[in-house]
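Subject: Structure for your review

Dear colleague,

Please find below the structure that I am handing over to you. My findings follow it, and I would ask you to read them with the structure open.

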Amino acid sequence: MFNSVKLDKKSSKPMYQQLYEAISKMIDEDALEDDRLPSIRTLAKSLGVNNVTVVTAYKELEKDGYIYTLKGSGTFVKKQHFDQDMSSVEEGDIELMLSGIFPLLKDSIDFASVSPIPDLFPIEEFKQSLVEVLDRDRGEAFLYPEINGYGPLRESISGFLKENYSISASKEQILITSGGQQGLDIISKSLVETGDVILVENPTYPGAYAAFKSRGARIIGIPLEEDGIDIEVLKQNIRRYKPKFIYLMPNYQSPTTISYSRTKKEAVLKLAEEYGFYIIEDDFLTDLSFEDEKKEPLKSLDSRDRVIFVKSFSKIFMPGVRIGFMTLPPLLFKQIIKAKHSTDISSSGYLQRAFDLYLRKGLWVGYMGKIKEVYKEKYLIMAEGLDKLKHVGLEYHRPGGGLSLWVRIPESWDAMELYEECNKRKLAIVPGKVFYTEPLDRDSFIRLSFSAEDPERIRKGLSLLEDILSGNEGDEVDRYMPFL
């Protein structure tokens, strides 16, 4: 197919642009026989051009959403429509997983997604809040709220932060978002420019990585230690790259489940003040501690407004009620509020009013107490089950909270191979590969989440994991679910 591409070296149009147009046309017309594109060297040789021409064309195609590159694997056409009959281990599915979307097999045991089961949703309590808002506000419930969010809800969240986390943030500093991911997207849209360096934990949350990458950021991964990010390596990279900001999940980090020590939190804040960068703290699991020790967000130690605190209620409330928020340093407020307005004008005013009423009634505290009991039971079942699997080479540490466990697998396995075998047995896991900022020589970890399944299915899933080599043919992909 690429033999038909003809580049005119006498044309005033740059050859990389000619190549871009030829490949994009073939993709638009679905004329390519293979989703994998030729390597840079192979295509340059066949076309009689230098490597730079192909590199530049590929970069433009990737920027415009035609292709994507997997380090160590090659360059592929980006699928615009997903075939429900495709194998769940094709490269296209890895692309989905890198964006936080998991291909879930019919009737599979779900150790992949960090989502609550509907049985836990506080339907009756929230329904009452919805009805009361309609009776109280009538048609006004469906008006656009302020761009930064419904005022009373921002007031309620200000009190929530003070009471639960000792965070002082006025209602004027709070921006309501449609979930935590929108918060990250808005930050990227308003603050990140092509070439900016962003430091992240490695491994990290792929949804954040994708948001920053979409704005042309250069992302540098910093390794984690048992009590948080490696401060010495962080210092070296701060001095070298002068980052725009760093992105952290200090409590029950995703995917490793590590929680930072207070010493590490204070050290990161000191560096932010010394070098003048901002910290994005992504939090949705601080509340889910199953031990007596109460976790404190990094933001609770921030006295200089260096932390942008991003929090989502979706994962521990109801995913369909897309409510999250950010606390914003005053110097960044105008930039970010403009980005929010151009994204969706404002988040649902009706749901904001209902959630505000839910908080004001004090229902959140009772709900959290209930779900912590349920999740703690599941956590202990999975942890105790993994303890019994040490004889097959599995290793992990108990985080004491959160919704998943980060598990080292035996040296005889690679995580992608294990993922494929689990797929055949209708057991959904997430290979560690999707969380790392650069390719791995060997993928030694998997993430196992327990939130979406009941105790009996958790036990069954662990039994399947133990006996993974006896496989049945897997069914076709039935649906796609967010796993983060």
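A residue is called buried when its relative accessible area is under 20%, exposed when it is over 50%, and partly exposed in between. Asp387, with a relative accessible area of 29%, is therefore partly exposed. Please keep in mind throughout that this is a predicted model.

**Salt bridges**

Side chains of opposite charge can pair when their charged atoms come close. Across the whole structure, a search finds 22 salt bridges.

Asp387 takes part in one of them: its side chain meets that of Arg398, at 2.7 Å from N to O. This pair links distant parts of the chain, for Asp387 lies in helix H13 (residues 363-387), while Arg398 lies in the loop between strand S13 (395-396) and strand S14 (404-408), 11 residues apart. Arg398 is partly exposed as well, with a relative accessible area of 38%.

There is also a network in which salt bridges that share partners join Arg136, Asp137 and Arg353. Within it, Arg136 and Asp137 form a salt bridge whose closest N and O atoms are 2.7 Å apart. Arg136 has a relative accessible area of 43% and is partly exposed, whereas Asp137, at 11%, counts as buried.

A further salt bridge brings together the side chains of Glu266 and Arg262, at 3.0 Å from N to O. Both residues belong to helix H10 and are 4 residues apart, about one turn of the helix. Glu266 is partly exposed at 39% relative accessible area, and Arg262 is partly exposed at 45%.

**Strand S9 and its neighbours**

Which strands pair with S9? Strand S6 (residues 197-202) pairs with S9 in the parallel sense over 3 bridges, and strand S10 (residues 278-283) runs parallel to S9, joined by 4 bridges. In S10, Tyr278 is the bridge partner of Phe245. From S9, the chain crosses through helix H10 (residues 262-275) to S10, and this β-α-β crossover is right-handed.

Are the faces of S9 (residues 245-248) covered or open? Both are covered: Phe245 and Tyr247 on one side, and Ile246 and Leu248 on the other, are all buried.

Yours sincerely,
A colleague

Technical notes: Residues numbered from 1 in each chain as written. Predicted model: local features only at pLDDT ≥ 70, side-chain atom pairs only at ≥ 80, totals over all residues. Heavy atoms only, no water. Buried < 20%, exposed > 50% of the residue type's maximum accessible area, 1.4 Å probe, protein only. Helix = DSSP H or I, 4+ residues; strand = E, 2+ residues; numbered from the N terminus. Pairing = 2+ DSSP bridges. Right-handed = clockwise from strand over helix to strand, strands pointing away. Salt bridge = Lys/Arg side-chain N within 4 Å of Asp/Glu carboxyl O.
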